[in-house]
Each structure stands twice: as C-alpha cells, then as structure tokens.
Protein chains: 4
Amino acid sequence: MIIVLRPEATEEELQHLIDVITDAGLQAHVSKGTERTIVGAIGDESKIQLIPFTAIPGVENCIPILKPYKLASREFHRERSRIKIGDIEIGGNEIIVAAGPCSVEPNDTLLQTARAIKAAGAKMLRGGAFKPRTSPYDFPGLGEEGLMMLSDARMETGLAVVTEVMDTRDVEMVYRYADAFQIGARNAQNFNLLREVGKFDKPVFLKRGMSTTIKEFLMAAEYVMSQGNKEVIMVERGIRTFETATRNTLDISAVPVLHHETHLPVFVDPSHATGNFRYITELSLASVACGADGLLIEVHPNPEKAMSDGAQTLKFAKFEMLMDKIKPVAAAVGRKV
Amino acid sequence: MIIVLRPEATEEELQHLIDVITDAGLQAHVSKGTERTIVGAIGDESKIQLIPFTAIPGVENCIPILKPYKLASREFHRERSRIKIGDIEIGGNEIIVAAGPCSVEPNDTLLQTARAIKAAGAKMLRGGAFKPRTSPYDFPGLGEEGLMMLSDARMETGLAVVTEVMDTRDVEMVYRYADAFQIGARNAQNFNLLREVGKFDKPVFLKRGMSTTIKEFLMAAEYVMSQGNKEVIMVERGIRTFETATRNTLDISAVPVLHHETHLPVFVDPSHATGNFRYITELSLASVACGADGLLIEVHPNPEKAMSDGAQTLKFAKFEMLMDKIKPVAAAVGRKV
Amino acid sequence: MIIVLRPEATEEELQHLIDVITDAGLQAHVSKGTERTIVGAIGDESKIQLIPFTAIPGVENCIPILKPYKLASREFHRERSRIKIGDIEIGGNEIIVAAGPCSVEPNDTLLQTARAIKAAGAKMLRGGAFKPRTSPYDFPGLGEEGLMMLSDARMETGLAVVTEVMDTRDVEMVYRYADAFQIGARNAQNFNLLREVGKFDKPVFLKRGMSTTIKEFLMAAEYVMSQGNKEVIMVERGIRTFETATRNTLDISAVPVLHHETHLPVFVDPSHATGNFRYITELSLASVACGADGLLIEVHPNPEKAMSDGAQTLKFAKFEMLMDKIKPVAAAVGRKV
Amino acid sequence: MIIVLRPEATEEELQHLIDVITDAGLQAHVSKGTERTIVGAIGDESKIQLIPFTAIPGVENCIPILKPYKLASREFHRERSRIKIGDIEIGGNEIIVAAGPCSVEPNDTLLQTARAIKAAGAKMLRGGAFKPRTSPYDFPGLGEEGLMMLSDARMETGLAVVTEVMDTRDVEMVYRYADAFQIGARNAQNFNLLREVGKFDKPVFLKRGMSTTIKEFLMAAEYVMSQGNKEVIMVERGIRTFETATRNTLDISAVPVLHHETHLPVFVDPSHATGNFRYITELSLASVACGADGLLIEVHPNPEKAMSDGAQTLKFAKFEMLMDKIKPVAAAVGRKV
C-alpha cells in the first residue's frame, strides 16, 4: 500500500499515519519528495486493506499495490486450470460450446433443441428453469419442472447441463439436477449466493455483471473459491455502456485480460452481449480467435415464439452454420471445436 | 407498440406480422410511408410485450409505447405517496434524514452514533448487520447480533431503524428487528429478494443499482409492489460511469425524473455516491434543493477506525454542521428538516 | 511516480529501471516487499511523465503521484480566482446567470430574449452563431451575421455576450464581437483550438466533454492557461452514461470536486445536461445549493419554433420563475443572484 | 416520426400538433389507443427532424423512424465500397495493415520502422506529425517536418502514408504530403474539420470518438461525404466505459454492426483500444475473425524510448509474429492479408 500525503500535512499527521501502519504489524517507509511525502506500507497488505487511509488526517490518497484476489490469481497458480464435467474438459485444447433455449418451456422445444445442437457439435445444453426477468409480469421460468426437463434431455442426448440458480434456497435443488451452476449477470455480486454455490462440488459458470469491473469479477470468483469450490468458469457477456446499437457492449478484451490475470477458463456469451441474432456468428468467431475456451449460445427451433430473448436466439440452421464457421478459426489458433 | 419494417420487407412478411398482432388480441394499424412501412399494435400492450418482434422476418425494430410499470407509475396514481414509520412521514413536507455507521460493529459505536445523530436532528438510524463486501475476506457484518444492537439503539433513542437484507432466507429475521428493509445496490435486480420483501408489511428502501436505468429501477419497485407491499422508497446512490474522481457518479437528475415518473418518495445517499467525506455536505444540499424527500448519511465517531467505508463517513461534528446547513436550503424550497 | 515490478522481475530488470530513472535526473528508492518490489522515482516528476514505464521489461504498473496540471491547480493558487467581464465578477459572491437561445436566429428572437432575461435578472447573454450539429443537414448557425446580432443585443441591453467558437480560423472574429469565448463539449479536447483561445485576453467558458474525466477537463484548462490566458470558467454540462432518461447525466459532484481541485470558477449548464425543459429548474437549484458560481440556461420566446434544442429550452415565464426560485436557495448558502 | 401524446393531452393540443405536421408538408396519422394517442408523421422526415416535438404542449415523446444518414447508409448503397490508394484496395478481399510509430520522431525510427513493417507485410505506414496530447507539456509532434519524413519514408519503401490532421488550417498541408487523412478520436465531432477534409479527394480514416455512438459515428462520416469526399474508412478504436483494465473498451461488435449499417470499410485500432502491448495480438485476431477490413497497429524499434504511447507499442519481432498469426485466421474467414 502506498499512501500519498497532502502537501500541507504536518509532522504530527505523518507520525500518526506511521503509527497506524506499524500498529497493524507492517513497516512504514517514508519518502519525502519535492512536492509530496509518500509512505509505503511494507508487509502483509491484507492486514491493512480495511483501514480507510483517506479518512486519516493529512492523507490525500492511498494506492493498493497487491491484487485483492489470491485463489483466482494466475500469480499463485501459473498453469491454466482445466475443469472436467464428465468427459468434457473445459480450459483444454477443445473449445466447448453450450447451447439451448433461453428458458425451458412447457413443451418439447428443449428436447428438439438438445438433439439439434448435439448433432451440430455442441457439448453442453443450457436453458433456464429460473429466469431473472426485468418485469414481474414476465415468464419467471418453470422451476423444478424445468430442471427435470433438463435432466431428461441430458439422459436422452448425453449433453451436460448448465442452468442458472438465482436464490440461495434453490442451490441444493439445482445441484441435484444439473452438471454445473450458472450465476447470472444480475447476481454477479450477490455474495451470499456466491458463497452458497462455493460449498458444492459442481462447476460454476460465473457471468460478469453489467457494471462489474474485471477486478470485481475476479473477486466474485474468489468468493466462490474461498468456500472450497475451485471450479469456476468466467463468462464475459457484455457490459453496460452508452452504446445502444447492441443491448450490451461485448468487452472482448476481457478474454486476454482474464487469461493474463487468472488461471480459470474464460467463456463468451455473444447472445446476451448483443441481444441481436444478426451479430452472434461474427462475435463467436472473434471470441474463438482471441482465445475463448468456450461459448454460450441461445438456440430455439422458432425464436419468434420463444418465451424469452427471442431477438437474440439462433434457429437450428443458423447455429449449424455458426458451428461450421468456428471450426477453421479454432484450427487457425491451434484449437479444435 | 410500434413495429418498423425493413425497407425490403415483403407483403407476406407484413401479413405474417399482422397475424401475430391480431392473434394476440390487438389491432394492427399499417402506415405505408415513403421509405418505411410502420405497424402500430393498438390495444393492451402487456399482451404482446413478450413477443420478440425483431425475431420476426422483415422487422427492423420495435418500439414499446407504454411504460412497463403500473403500480409505481404516477400515471395511475397522481398523488405523491406518503409512507409512515411510527410518527415519521416520508414523502411529506419534512425531509427525513437517516444516518449511522456503515456497519454495526461489536462495540458501542452504534449507540454513541444513535445519540449523536438524534441530537443533530436525524429521525432514522441506519447501519448494516449484513454487509455486501466486494472481498470474501472483508468484515461481513454481525448478522442477528447486529440486528439486536440496532433494536436496542431504537429502544433507547426512539429512532426508527432501517437495515439491509441480502438473502431471501434472512427477510423474516430482519422484519422482526427493523422498522424498514433496505435493498442494496448490488441486489437491485435480485428479483427473488425483491419479491420476498414485497410479501411483508414494512417499508423498503430500494437502492438503485450501479448500472440500473431509471426505468429498470422503477421495474424493481414494481416487483416489490406486485407482491402487495406498496411502501417503497427509491434511493439514488450513484451510478457507475467512466469518472473516477468520485467512487460513483451521483445522478442528481434522477430526483426530478423519478418525481415525474412515480408517486413514490425519493431519497439520496451521497455517502455511497461519492465515497468521499469531503463532498457529502455539498451533495446533501444539492439533493434537498432539487426535491429529495430524505437523505441517507454515513456517520461514525471515528471514521478512521470504522470497519467499513470510513473514507466516506462523517464525524459527529461534521454531521451536525451538515444538518445546520440543510435547514435553510430546505426552507428555501418550502420544506423543513 | 511509483513503479511496481512484476513478481518474476529479475535483478537486471530492476537495475535497468533504476538506470532509466537516474538518467532522467531523479532518484530511485527501492522497497522490496514480501510479494512485490516497488520503486519510487523521487524528484521532478514532469521529467519522467513521458517515459512509458509499462513498456520496460519487468514492470507491471506505474502510478503517477503528482497532478499533471499546475496553473489550474488549487495547490499552487489557494485563493479562488475571480474573473471580471465589465462590471460582472465571476467566482465572487454573486451567482451569474447567462441565458439565451441555443442558436442566434435570423429574426428578432435574440433581442426579445435579451430583454426578457435581463428583466428577470440574467447578467449575460448566450447564443450560438456557430453551431456544432450532429447532422450536416441541420442549421449550422448564422456565422458573422449572428455575431453582429449578439453585439447589437449587447449594445441595447448592456448584457455581456458569450458565444461558441468552433474553428481556429474563427477565433479572432469571435474575439472582436464577444465578451467571452465558449468552447463546446465536442471541442473539449480540440487542443489546437484550446491553444488558440489561450492567446487572447478574453475569458473562456470551457465546457466539459461528454467523456472527459475531471482530470482531463483540468488539463484542457491547463492548455488554455499555458498560452497566457488565465481566465477560464469550467462548465459542467453532463457526461455520457448508460442512462437515457436524460440526454446526458449531470455530474453534480463535479462542482465540489472542481472547487477542491482548482481555483477557477465553476458553472453548470442544466439545459444541455438533461435535454428536457421539465428538469432545468430543479437542477439549477441543486447547482446553486452545492456551490456553482453560475448557470447557463437556454431561453427562447417560443421553444417549439426554436431552430435548435427546443426540447430543453425555457419560455420567458418559466425562466422568470427559475430566477425567483434560485434567489432564496442562493441566500441559504450565503450567496446572491 | 412517431409522436406519443401524454395521457392528459387535450383535443386542442392534438389539433395543434397535427397543424405543425401538416404545415411542414407531411401527413398526420392519428391512432387513438386505450391509454395513449399516437400520431405518425408520414412523408419526408427530414423536413421535420428539427422540430422540437417534445416542446409542444401535450407531447410526451417523439421517436424518429428513419436513419439520419443517407450517403453513409447501406440502405441506399447495398454494395460494400472499395477504396483505392495506389495499388492498395481497402474494403476488398485483402485485409490491409497500417503500422508505424505513434509519433514521427526527430531521428531515424520512422524509416527503420517503415522497412520492418513492409518486410512483415504491412501495406501502409502510419505516424503522427501532429499529435493530440492530453497535456500541453507533452511532445506535440514535428509538424511539417514530420510530414516530410513520412513522405520520404514512402519514397523509399513504397508504403502508402496515413497521418492525422487536427486543425482546419493544416488540411491542405497534410493533403500535399500524405496519401490519406486520419481524423483522431478527439476530433470525431469536430464538424468544421470533418467538412474540410470532405472537400479534398484523398481517403479519410475516421476514428470513432471515445463517447461517440455508432449512429453519431455514421453522422460524422456523413459530414465528410456531404462535402463530396465519399472515401471514408471507419476506425473502431475503443470507447470509454467504467472498465479500467484496458485504456478503452474495444467495441468489437461495432465491426459487424457497421458492416450492417454502412457500405464503408471498417478498420480496428487495437493499440489505442487497449493501451497495452500485451493484448494487441489477440485483439487483432478477433478483429480479423469478425470481418474487419484492416488494422492500425503501433510499432516502434524500442517502445520504452518512444516519444508517445510506448506502453501500447509493439517491437518489430512481436509485430512480425502478429502478422504471421493473422494470416491463418484471415484464411479461415475467406480473406487474405
């Protein structure tokens, strides 16, 4: 931690600051420059990260040096993590595609879709039984009935199932039916929910919140991991910006930045990032080219009848074309699909 | 709902769109302009708001006309709502100040603070027993013990208590101890939690999320209200922007915009908006001047020892000065504190 | 400047970094912590601010300590600056209101408006002869003819005139007719234009750009001041965020933050900040309450016929009411209008 | 244009609105719904786009239907434009890479770099003789001397030269030396400069502003084109968001969105988008994969000695690797480099 003093700080204020640092068990290194005095706190930064230095008289600013995440950090775990779900390996050479309808619906679309995406090369089935909807009057999902339908679709097709959990009270139920949890963007900082899935032994697809910085996103992963569950997959799904041509702005740089900062695998969800079926294929190609370990894609037999997110959903034929197009790009960067 | 067709849309595509609208029980008004055909869907818009029109062939864009919120809307409830907590009235002529430490701490700071803020004119005590912390290694709050301490402070001082609830499983417990719930910014779109507090009969201080639009913020209120609880207080607490001089950017315009759109009272939390004790007073004055119905302010006897948010916390003397300064501004706009 | 090394940095890399710092004439203070080595560069930071430290092998990050602005900084000029335009003093106890139509139009609206705003208490007339329009097909302003009309209106009413200059080639012409330059938001980082107005001896109303940080905004003022013209008035006019309920988001915190960082006066332009006449009054009150030294308000006899920005323009009667309402708020914070 | 009335709008207000529309030469179609009356203005929307409908009594909102750009729109020019610079074709099958140092420096780095990038496969040389610098104390570029050095480097290597113009007064000089103009991000809405380069017959590389929406970006192209110069290349270079892990946020979706909206070629500048040499290669691959027609890359023999932007600049060896890596990705999407 570097603490910068105000130009008019007094000697008493400096001494008080030094006392605060040494009382916490760290050493204080003072550098008196021409215009500012700077104090470095040397030692275990975690002991002082809660001290509100800027509330101390004479302090202008304080700058943490160490990263606040450990378990998620690549600094302490150089090798990239690989996460197994049955015979699927996430984070290895193969790019894993998870596809399916936005919501599990009370009809046979899930099963139809599961068959179609499997034929096209997807390895995982995604679909929501619990749906976060902006309006209380929209379809909230089928709940446990939807989970059963996902489980049935897995039985028939062999696809692994990932589905969202929104409530700490539902974590155990979702655990029983699914192969992996999904934490949605709106719950990216629902810390109790993060802790809860951290107590179970199934992988967590953790979506970035709409206004979550990459650092906060890594802290969210740290929450899950701090409870014991080390199998977290980071999912970039677009952030909120001033641009309205797409529903969100896909932060494609997050893929290489996350690979630099963490050993955890990184997926991209181009469907939610753009909200527009027209751009999904190009953004999938971009994601694969810059190192994404997998994709989450919304697919439905008839998007105009989908119970949610129809505007960003691909038909079967378009999804097949997408799968065909990403293969050569994956090969071009030394991966396979 | 207005649906705009693409220039190359065919007659079949137009007819299919008309069928979709009429099948849903609305009328379709077609206007053929020189460059675009536009179709208006006339009737109960709620019946079609889930149809993904942009997924329908030939459609370029669709524009909802009606607002998606009803219970929160001022259109259906012209009079401003007043919410009673004991003998406090929120949304009336008096500006209500809620103050207190960020976290309830395992010492006597809460009680000290409660006495000090009451003496200075605050009517409510705020303080967190459950704390959303970005890091899993930070102080998470005292839980039920903190709730008991809040309840004790109320007994002694007569201040009404508002405190955050973060987990659906804790709603009932918080209900037992507090006079009002607070939903924090990170849970602004935790829809299950919104529904849960909507089932109880105590007021809800609903904080705006860091990336929540005003429309989504009103939909969050609608979630609570749709379960029966009509006592929602909207709290503007800063949004996330590119500016880093303050922790968030206080969207002061939200005060008049919300008053225009909804009958619900509007509070401002300048402490979280700026993250810097230095600017709290000026932003409190601005909030009162433009019509805020109340303020949430962080106060602690010794901010540099506060267990969270010390940098944005006022000392007792500074809080007293703030209270003194807002009085004439309140009077200038025909209100009192 | 603080330079943080990567954990795997070698001794050679550290030595090379020290050489770079000492070659530039500064001293290098090395602190070896448990997880990171940190190097402080002590001395005149301006000598090294152009060195791309993060391009040097072994460096993870570099953190400037000193503020990059000097002339604009309150550190080097504690007293708030007061700027005189005729008998008007900006930055003193009186809050100065500049009002007028968005564009100078080829009719008598300017003169009508000048008379009306003067009667209501405004001290300055604003109006654009050169208009930055998003579309090349929109009204671009009357140019020199508009400047003459502004000059005529000043002659008749005695109001001081401020008007925008958009092109380095027009600076001298605007100087001849106006009492003060305005630099618009879209030119906030048009550095050649900033330099050009810096060579003249009339005040500059410098608008913040839509995505300009406060630090960059101060650097823009520094550009003007570095050429000799020290009379800069900072104008907060809203920044671009995800929120669409208002045209921009008024960053009201910029008022106290700027007053903390700079000695220059601070104005607010609520008209451009919101783009909606309905909220101008409340935001004007908020601005005055938190310390703004003046306001820029768009006024027109018949906004629905205004040639630009009608939606955010006040009629005469509404402007008079605004002036009446800000008086008691100004008094409440010890100022007058 | 669709105009939505307020629920309480009177018949007189409706009639007045109809008069405004018909006076402008359009037809008014009135649809009375259950909760709102909506008026469509049918005819040439450009005649009414300047009318501030929301300033008309009884109007709640107005929604333009037609796009405000024509010359740039793909609607009126279905075929993608190809722009020739000597024997280079931009917008065709070949992906064009322009590379070079951020600034032209007073030494032989430009020539060294030109030779190295040509050997690696670049077709154009980029480098700034006029530099927009945030600080007035930073290196502002060499001006005409820099232009001469660029011209010399072209003579020797045969690379086409693109360089920034910042001031209307310099446009003719830059025209004499360069093969193409560059308009920088900070001048993306410097409308006079856009008009000026629109009068010349050399291509314009138009960078998106940090807070420019895609619609505004297209309007900026329209400005250039409205003066006669149809050769505009759109350059996505990152937008300003809350994320600080990269200097800006590369809006990769802009590539497919722009290709959908306009016939103009689209380049990506990953150097300015991220500000970090570490991520340039991955983002270049992503850009090529999703359809970019070219790249702008900063290259310098010794970035740590570069006079600007060293942190985001590639060394020769790293640039060669980048060129090697983009070839197979280009081939995978049916293009060549």
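Let me start with C:Ile2, which is found in strand S1 of chain C, covering residues 2-5, where strands (E, at least two residues) and helices (H or I, at least four) are DSSP runs numbered from the N terminus. Please keep in mind that this is a predicted model, in which local features need pLDDT of at least 70, side-chain atom pairs count only at pLDDT 80 or more, and totals for chains, interfaces and linings use all residues. Residues are numbered from 1 along each chain as its sequence is written, while chains are lettered from A and ligands numbered from 1 in the order in which they are written.

Is C:Ile2 buried or exposed? C:Ile2 counts as buried because 22 other C-beta atoms lie within 10 Å, the rule being that 20 or more within 10 Å makes a residue buried, 12 or fewer makes it exposed, and anything in between makes it partly exposed, with C-beta atoms placed from the backbone. Leaving aside residues up to four places away in sequence, C:Ile2 touches A:Ile2, C:Ile38, C:Gly40, C:Cys62, C:Ile63 and C:Ile65, a contact meaning that the C-beta atoms, placed from the backbone, lie within 7 Å.

Turning to chain A, we find 10 helices and 14 strands, and of its 337 residues, 62% count as buried. The C-alpha trace of chain A spans about 75 × 45 × 40 Å along its principal axes.

Finally, there is the meeting of chains A and D, where 35 residues of chain A are in contact with 35 residues of chain D. On the chain A side, helices H7 (254-261), H9 (280-289) and H10 (316-332) are the elements that give two or more residues, and H9(A) gives the most, with 6 residues.

Methods. Two residues are in contact if their C-beta atoms, placed from the backbone, lie within 7 Å.
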